[in-house]
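Thanks for coming, everyone. I'd like to walk you through one structure today, so please have a look at the sequence and the model first.

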Amino acid sequence: SAFYLISKQVVARYKTPKSRKKKVFKFDETPLREVATILGEFYGRDIVVMDEEIANCAVNVTFKDEELATILDIIKELLNVKIVQREKNPFDH
């Protein structure tokens, strides 16, 4: 797992799984595409913005100790977007 340091604009790895218990994501004018990348890397999921028209929409929100499903629900409401979850196909490589 890793986290994003906004002040330095770098992604850093956690030293131990326990150190990520208190997770905070602060997005300040962060493009939705970048938010998807950061969340995807942290939660180990593929999160893709399919609509290029909203990929650069700015996200201004802070999440503290939230599960991915909750974060995505909030983003869905904030930006009025549709979020689709797909099961991973075991034949996709």
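**A cluster of rings**

Let's start with the rings: Phe25, Phe27, Phe42, Tyr43 and Phe63 are linked into a cluster by ring pairs. By a pair I mean that rings of Phe, Tyr or Trp (its six-membered ring) have their centres within 6.5 Å; planes under 30 degrees apart are stacked, over 60 edge-to-face, and the rest tilted.

Before going on, a word on where this comes from: the model is predicted, so local features need pLDDT of at least 70 and side-chain atom pairs count only at pLDDT 80 or more, while totals for chains, interfaces and linings use all residues. Residues are numbered from 1 along each chain as its sequence is written, and side-chain values use heavy atoms, with hydrogens and water left out.

Back to the rings. How many aromatic pairs does a search of the whole structure find? Five. Take Phe25 and Phe42, an edge-to-face pair with 5.1 Å from centre to centre and 90° between the planes. Phe25 lies in strand 3 and Phe42 in helix 1, so this pair ties together parts that are 17 residues apart in sequence. When I say helix or strand, I mean DSSP runs numbered from the N terminus: H or I with at least four residues for helices, E with at least two for strands.

The cut-offs are under 20% relative accessible area for buried, over 50% for exposed, and partly exposed in between, with a 1.4 Å probe and protein chains only. Phe25 counts as buried because its relative accessibility is 6%. Phe25 also pairs with Tyr43, and that pair is tilted: 6.2 Å centre to centre, 40° between the planes. Tyr43 is in helix 1 and Phe25 in strand 3, so here the parts tied together are 18 residues apart in sequence.

**The whole chain**

Now let's step back. The protein chain has three helices and four strands, and from the N terminus they run β-β-β-α-α-β-α. Out of 93 residues, 25% count as buried. Contact means heavy atoms within 4.5 Å. If you take the contacts with a separation of 6 or more, residues 24 or more positions apart account for 50% of them.

Helix 1 has twelve residues and reaches 16 Å from its first C-alpha to its last, close to the 16 Å expected at 1.5 Å a residue. That expected span is 1.5 Å times one less than the number of residues. Its buried residues include Val35, Leu39 and Phe42.

Which residues of helix 3 are buried? They are Leu68, Ile71, Leu72 and Ile75. Looking down the axis of helix 3, you see them fall within an arc of 95°, so they line one face. The arc is taken over the directions from the helix axis to the C-beta atoms. As background, an α-helix has 3.6 residues a turn, so residues three or four places apart point the same way.

What does that buried set in helix 3 pack against? Strand 3 (24-31), helix 1 (32-43) and strand 4 (58-64). Ala69 and Glu77, on the other side of helix 3, are exposed.

Asn80 counts as exposed because its relative accessibility is 71%.

**A loop and a salt bridge**

Glu67 sits in the loop between strand 4 and helix 3, and at 51% relative accessibility it counts as exposed. Leaving out residues up to four places away in sequence, Glu67 touches Lys23 and Tyr43. Asp65 is in that loop between strand 4 and helix 3 too, with a positive phi near 55°.

Last stop: the structure holds one salt bridge, meaning a side-chain nitrogen of Lys or Arg within 4 Å of a carboxyl oxygen of Asp or Glu. The partners are Glu52 and Arg33, with their closest N and O atoms 2.6 Å apart. Glu52 lies in helix 2 (residues 52-55) and Arg33 in helix 1, so the bridge ties together parts 19 residues apart in sequence. Glu52 counts as exposed at 54% relative accessibility, whereas Arg33, at 34%, counts as partly exposed.
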